[in-house]
Amino acid sequence: MKSFIVDLGNVAIGVVVIAVILSVGAFVFSRLTKFNDQQEISKGNEAAGIYMGSKLLGLCIIVAMVSFSTDSWLMMLMWSAIGIVILCLLYVLVDLLLPQFRVCEEIAKGNMAVAQLLRSIIIGVSIVIGTMLI
């Protein structure tokens, strides 16, 4: 029974840690975009929702893989911060490498094709980053 309580406590701590990580990630990601994510999502802009959801999912993938390979909450927070930085750099890099259009402008216009492309890139890179951290 004591082990169950310890495990339950660790799960509770993990939920708090992931909530903090996702909150910080959402804040940083929304500051990076040139439009108001929450406003676009509340207006029904599916592309903005897919884009923000993809960034948070990518961050969750990184956190999940890090939590699998470490038992330190501090290391999990540190690698999560690095994951946020890498995903932000990825956004800047994609915006530079696709000069035909500006990512933020297309997402703000509701361009689902760009949102789908970015979702694939973000999730793929997150899996690669996560496996490097294991």
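Which residues line the largest cavity? In this predicted model, the lining is made up of Phe29, Tyr51, Lys55, Leu87, Leu90, Tyr91, Val94, Leu118 and Ile122.

**The cavity**

- The structure holds one cavity of 30 Å³ or more.
- About 60 Å³ of space lies inside the largest cavity.
- Helix 3 (46-69), helix 4 and helix 6 are the elements that each give two or more residues to its lining.
- Helix 4 provides the largest share of that lining, with four residues.
- Sorted by class, the lining has eight nonpolar residues, no polar ones and one charged one.

**Where helix 4 meets helix 6**

- The crossing of helix 4 past helix 6 is right-handed.
- On the helix 4 side, the contact is made by Trp79, Ile86, Leu87, Leu90 and Val94.
- On the helix 6 side, Leu118, Ile121, Ile122, Val125, Ser126, Ile129 and Leu133 take part.
- By class, this contact has eleven nonpolar residues, one polar residue and no charged residues.

**Linking the two topics**

- Leu87, Leu90 and Val94 of helix 4 belong to the helix contact, and they also line the largest cavity.

Technical notes: Residues numbered from 1 in each chain as written. Predicted model: local features only at pLDDT ≥ 70, side-chain atom pairs only at ≥ 80, totals over all residues. Heavy atoms only, no water. Left-handed = near helix turned anticlockwise from the far one by under 90°. Contact = heavy atoms within 4.5 Å. Nonpolar A, V, L, I, M, F, W, Y, C, P; charged D, E, K, R; others polar. 1 Å grid on protein atoms, 1.4 Å probe; cavity = no way out; pocket = protein on both sides within 12 Å on 5 of 7 lines; lining within 4 Å. Points joined across faces, edges and corners; volume = space filled by probe spheres on them.
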